[in-house]
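I opened this model to go through it place by place and to write down what I looked up. The entries below follow the order in which I went.

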Amino acid sequence: MKLPSLFRRTPFRLTLLFLALFVATASAVLAYVYFASASEARARAEASVKAEVEGLTAVYRTRGRDALNQVLVERTLKGGPYLYLLMAPDRSVITGNVSESPLDPPKADAPPSTARWDDFRLTDTDEDGRVRRRGAIGVEMTLSGGEHLFVGEDIGDIEAYLARLTQALWGAMVMVLVLGVGGGLWISRGVERAMAGLNRVVAAVQEGDLKTRVPIRHSGDELDELAEGLNGMLDRLEGSMASIRHAGDAIAHDLRTPLNRMKAKMEVALIDAEAGRTSGVDALSVALDEADALLKTFNTVLAIARLQAGGAPDPKVFDAADLAADMAELYEPAGEDKGLEFAAEIEKGLMIEGNQPFLAQALANLIDNAIKYTPEGGAVMFRARRRSSGDVEFSVTDNGPGVPDEDRERVLQRFVRLDNSRTEPGSGLGLSLVTAVAEAHGGRIQLDEGPGVYDGRGPGLRVALILPAAMRALEAEA
């Protein structure tokens, strides 16, 4: 049998569980209070009766039966909670305020002075004439002359107090149950409304709507933390999906021209081969060159998308000075081949945390761009240093044509190529990849003017890749 939806809700079930634990604990406390109160009342009644018996027996020992009889008559007339009965050795009544002993007669073999304690019930009538039975406690003992003395105390008022106490505690228990169930329903409804918002967002995301977000109640509780975490995850997911869509659109847009160009070149090569003006090997070489360019563009776009979606993979702590030295050694011959003055200034001990292959690709793009766009006879300076803030900075400065101020933000976007670079081979993804690498490592890229115009050259460009302070990386590794 399937339970109603309310009883399947975790908050309501937890409320019932804690309520049941509370009721069990309260019941144990109630039982303890009742039995402790009853035991205390009985002990006090026994002590009172015992003191009364000791006083009466002292009168009997010192002054005899007649004096005891006189004392009992006086105390009976005075009234009070005590019950008295003095009986002859044959158990006939001598005096008292009860007609007979409520206790059973002593056994024949019982010692004469043995005191017998017991509880019993008194039959009484109230003011309205209703019969009621009240609790009492008493003791009966045989005196030295053979007489029997019974002394008891009415504890009906104590029982009535305990009954009222028990009734009040049970009433409080019922109130706790009602309030607990009501509170459970209220809490369950509140949590259910909050979870309904989460479920609506999950359902919307499953339907493909990545723009929906969970409302934040600003209560600072776990549900707000869950909502903030889910919204952050959706932001990342939406950004990743947008990046993937943009990458797909960009690939489709950017590859259209080289594909058409490759198709045209292959058609021309085919016509030339059929006419005998070229060989099939040359036609295949043209096709392979164009295919290589397409694959390079495609791989670069995918690398950028991976960085933007998941950050730098497998970060490790390493010395960036060694990486910079390797890059300088690798590109120095390329600069000399183009007739450029290539120099490097590298500080030692530049420990950073990151993905070395991606950082190497980013530095390669910066140096390659500087060499590519600096005319023959120019200069390229590559530096790696620690800034005053503690961050590590890689910079490449050239005295080429530079980038105008209004275009410096735009050249960091994908597939953007300025007019003065149209004649150079490339896809416009170099700086985009550097930007993605910087952001994936928590850093940034900064473009500034180079050394300025001098001897017909310039103004040049200075591109800096700035990564977070290395000391934080070292502390994290430790």
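I began with Arg91, which is partly exposed because its relative accessible area is 25%, where buried means under 20%, exposed over 50% and partly exposed in between, with a 1.4 Å probe and protein chains only. Arg91 sits in the loop between β1 (82-87) and β2 (93-96); helices (H or I, at least four residues) and strands (E, at least two) are DSSP runs, numbered from the N terminus. I noted its phi, which is positive at about 70° although Arg91 is not a glycine. Most residues other than glycine have a negative phi.

Before going on I wrote down the ground rules: this is a predicted model, in which local features need pLDDT of at least 70 and side-chain atom pairs count only at pLDDT 80 or more, while totals for chains, interfaces and linings use all residues. Residues are numbered from 1 along each chain as its sequence is written, and side-chain values use heavy atoms, with hydrogens and water left out.

Next I looked up Gly145, in the loop between β4 (131-142) and β5 (148-154), and found it partly exposed with a relative accessible area of 44%. Leaving aside neighbours within four places in sequence, Gly145 is in contact (heavy atoms within 4.5 Å) with Tyr60 and Pro89. I also checked Gly64, which is 81 residues from Gly145 in sequence and 9.1 Å from it in space, C-alpha to C-alpha.

For the chain as a whole I recorded eight helices and twelve strands, and 36% of the 478 residues counting as buried. Among contacts between residues at least 6 apart in sequence, 62% join residues at least 24 apart.

I then followed helix α2 (residues 156-206), whose 51 residues reach 72 Å from the first C-alpha to the last, close to the 75 Å expected at 1.5 Å a residue; the expected span is 1.5 Å times one less than the number of residues. The buried residues of α2 include Leu162, Met173, Leu198 and Val201. After α2 comes Gly208, with a positive phi near 105°.

Does helix α6 have a span that agrees or disagrees with its length? Its 18 residues (356-373) should span 26 Å at 1.5 Å a residue, and the end C-alpha atoms are 26 Å apart, which agrees. At the start of α6, a side-chain oxygen of Asn355 comes within 3.0 Å of the backbone nitrogen of Phe358.

Within α6 I picked out Ala360, which is buried, with a relative accessible area of 18%. Not counting residues up to four places away in sequence, Ala360 touches Leu323 and Met327, and its C-alpha lies 9.7 Å from that of Ala320, 40 residues away along the chain.

I also looked at how α6 packs with helix α7 (residues 430-440): the angle is about 145° and the axes are 9 Å apart, the axes being lines fitted to C-alpha atoms over the stretch in contact, with angles from 0 to 180 degrees between N-to-C directions. Among the residues making the contact are Phe358 and Leu366 of α6 and Leu431 and Val437 of α7.

My last entry is Ser395 in strand β10 (residues 392-398), which counts as buried at 1% relative accessibility. Not counting residues up to four places away in sequence, Ser395 touches Met381, Phe382, Arg383, Arg462, Val463 and Ala464.

Definitions and conventions: Polar contact = N/O pair within 3.5 Å; in protein donor to acceptor, adjacent residues only side chain to side chain.
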